[in-house]
Amino acid sequence: MTSVVEDASSTGRMSRREVIQALSGLMLGMFVSILASTIVANALPRIIADLGGTQSVYTWIVTTELLAMTATVPLWGKMADLISKKLLIQLSLSLFVAGSLIAGFTPNVGILILSRVVQGVGAGGMTALALIVMAAMIPPRELGRYSGVFGAVFGVATIAGPLIGGVLVDTSWLGWRWTFLVGVPFSLAAIFLLQRTLHLPAQPRRQVSIDWLGAFLITAGVSDLLIWSTLAGTQFDWASWSTAAFVAGGVILLGLAVLVESRAPEPIIPLSIFRNRTVTLAIVASTLVGVAMFGGTVFLSQYFQFSLGKTPTVAGLMSLPMIFGLLVSSTVAGQLITKYGRWKAYLVAGAVIMVAGMLLLSRIGSGTTVVTVSIYMAVLGIGVGMLMQNLVLAAQNDVPAAELGASTSSVTFFRSMGGAIGVSALGAVLANRVTTLFQEKFPNLPATGGGAEVPDITKLPPEIKAVIADIYGQATADLFLVGAPIAALAVIAVLFIKEKPLHTLSGDERAAQERMVSH
């Protein structure tokens, strides 16, 4: 190990063997932190029943983790430009372990929601820092080879979560608590691997100045808007005084954040990066990809169980076509980008294919065959896989080395925010659509959706079960029809991104070169 460290330090660049060793720890940590967002999807009914929670708690167990992850990504990214990246990534994994242990042994829903916040803070650090560390180690010209694998890890963790969660819940000697505990040994292994294999050049010592007021205002403003998008349509109407108060509060907080960031010596999100057209358009497209990926996958799991009558485990297995499509497209696109150095064509193709997948899924119903749904899901997975990591690559390639952390975390932040908004807003659309259809079919019975309980279709007579299956099939199809125009905006965004040759120097090498030029 000593010789490896000496070799890295003497050449100034990690060898391919060292990079692969370091990436093993990064990928492991990223997998479990992203997995935490979706692994509870099929376990929630059992968790809520065991802990005595209400329907509103059902949503919050998912959204609090997403909210905490989204809101803290910019802060992690900024600290990566100022403090040891290795130390920060190990700290984020440690926070994730602490949150997972609290969640696994929680006695009630209140502590569970608190633990999900801790998990989210750790997952936000891991999500942003993994990409930042990659950019520090690897030149953009070679990054496609590795970012494709990372995109696959991100997508597989997002989509495989419901499958793993369903298996754990259906296994009698494990149960729902293991949906939280399963990530602990892997996170500890990732910390150990990173300690042994990640050797980044020491950063020059300088006075660290973190804009804590800006961080607070950004976090508060984003949290306000995400809470609004979660509650609107269920706890109060979209057009109401409560909506006006939430939106006004969020806009005021974010307006103050912009004012503070414009004057801070070390802003959390440097406003200068938004003058860069590539970064701005990558952020817009990433937000829309987040809506498509998170919003789509969360509600497909519900469709499989309520409309097609599948068990949690089978519902999880049915997500495999999307995983396969995402894995293949992100890996192949990454390899081709490394080989030929061209990347824009994959962004445009991915955006178009993503929209096609959303439109195809808007045609599903209770009578759709498993094969047909699988093909539609594979199309969506292929589109998302070609887009997700390559948007980060485009942004990283077009900024100075000193802004790699801020630009990377900004793209990641807005993608996560798009996902959180997608889950909240599309979930409200789905609930309202189910309520409307339920009242049409059963005018004399209380409606589902909103704050009402979701029916247990396993205990209903066949004729009632068939009607409810049709309701959820139609509502889910309408959900994707609403999401398709949102995804189509990503096509417009990537069309206007200007393709530039990929750098042949790593982030650390570019930083050293820029310091020499400045002196």
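Biologist: How many residues are in the largest nonpolar core?

Modeller: This is a predicted model. In its largest nonpolar core, the residues with the most contacts inside the core include Leu-26, Phe-304, Met-354 and Val-494. The number of residues in that core is 125.

Biologist: How many residues does the second, separate core have?

Modeller: Leu-426, Leu-437, Phe-442 and Ile-468 are included in this second core. Its number of residues is 14.

Biologist: Which residues of helix α18 does Met-354 touch?

Modeller: Not counting residues up to four places away in sequence, Met-354 touches Val-289, Ala-292, Leu-380, Gly-383, Val-384, Leu-387, Ala-487 and Ala-490. Among the α18 residues that make the contact with α15 are two from that list, Ala-487 and Ala-490.

Biologist: Are α15 and α18 roughly parallel or roughly antiparallel to each other?

Modeller: Helix α15 covers residues 344-361 and helix α18 covers residues 462-495. Their axes are 7 Å apart, and the helices pack at an angle of about 165°. Angles over 145 degrees count as roughly antiparallel, so α15 and α18 are roughly antiparallel.

Biologist: Is Glu-261 buried or exposed?

Modeller: Glu-261 lies in helix α11, residues 241-263. Leaving aside neighbours within four places in sequence, its contacts include Asp-211, Ile-218 and Pro-267. Buried means under 20% relative accessible area. The value for Glu-261 is 5%, so Glu-261 is buried.

Terms used. Residues are numbered from 1 along each chain as its sequence is written. This is a predicted model: local features need pLDDT of at least 70, side-chain atom pairs count only at pLDDT 80 or more; totals for chains, interfaces and linings use all residues. Side-chain values use heavy atoms; hydrogens and water are left out. A nonpolar core is a set of buried Ala, Val, Leu, Ile, Met, Phe, Trp, Tyr and Cys residues joined through side-chain atoms within 4.5 Å. Buried means under 20% relative accessible area, exposed over 50%, partly exposed in between (1.4 Å probe, protein chains only). Contact means heavy atoms within 4.5 Å. Axes are lines fitted to C-alpha atoms, for helices over the stretch in contact, and angles run from 0 to 180 degrees between N-to-C directions. Helices (H or I, at least four residues) and strands (E, at least two) are DSSP runs, numbered from the N terminus. Angles under 35 degrees count as roughly parallel, over 145 as roughly antiparallel, 65 to 115 as roughly perpendicular and the rest as oblique.
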